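Here are my notes on this model. Please read them with the structure open.

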Amino acid sequence: METHISSKGQVTLPAPVRKKLGLRTGDVLKVMVAGDGKVILSRKMESHQDPITALDILRETAGFWKEMSESGEEFVSQLRTQDQKRLERLGID
């Protein structure tokens, strides 16, 4: 299988390769150059085994904010205050 390099330096991975590796738009690839002039691409694995997308997160948390008694600004303020207290206890400014 062959591909080409565009004038912008972009390389198109053939669809069968993307499908076999489970690559999707936005996935990150690590690029390494082997000593014999070969380029090695590997999928950058996330810290968790089952990567979730932003859309998955939105689906799982939909409606969460409706049940909150405080506003979003108040909630964020509370989180920041708690974080600041933790940092102070650890001696971090």
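**Surface patch and salt bridges**

1. In this predicted model, a nonpolar surface patch is formed by Leu29, Val31, Val33, Val39 and Leu41, with about 460 Å² of accessible area together. Two elements give two or more residues to the patch: β1 (29-33) and β2 (39-43). The largest share, three residues, is from β1.

2. Leu41 sits in strand β2. Its relative accessible area is 41%, so Leu41 is partly exposed.

3. How many salt bridges does the structure hold? The count is four. Side chains of opposite charge can pair when their charged atoms come close.

4. Lys38 pairs with Asp36 in a salt bridge, with 3.8 Å between the closest N and O atoms. Both Lys38 and Asp36 are exposed.

5. In helix α2 (residues 54-61), Arg59 and Asp56 lie three residues apart, about one turn of the helix. Their side chains form a salt bridge at 3.9 Å, N to O. The cut-off is 4 Å. Arg59 has 58% relative accessibility and therefore counts as exposed. Asp56, at 25%, counts as partly exposed.

6. Helix α3 (residues 72-90) holds Asp83 and Arg86, again three residues apart, about one turn of the helix. The N to O distance in their salt bridge is 2.5 Å. Are these two residues buried, partly exposed or exposed? Asp83 is partly exposed, because its relative accessibility is 38%. Arg86 is partly exposed too, with a relative accessible area of 39%.

Technical notes. Residues numbered from 1 in each chain as written. Predicted model: local features only at pLDDT ≥ 70, side-chain atom pairs only at ≥ 80, totals over all residues. Heavy atoms only, no water. Patch = residues over 30% accessible without salt bridge, like charges linked within 9 Å, V, L, I, M, F, W, Y side chains within 5 Å. Areas by Shrake-Rupley, 256 points an atom, 1.4 Å probe, with all protein chains shown as cover. Helix = DSSP H or I, 4+ residues; strand = E, 2+ residues; numbered from the N terminus. Buried < 20%, exposed > 50% of the residue type's maximum accessible area, 1.4 Å probe, protein only.
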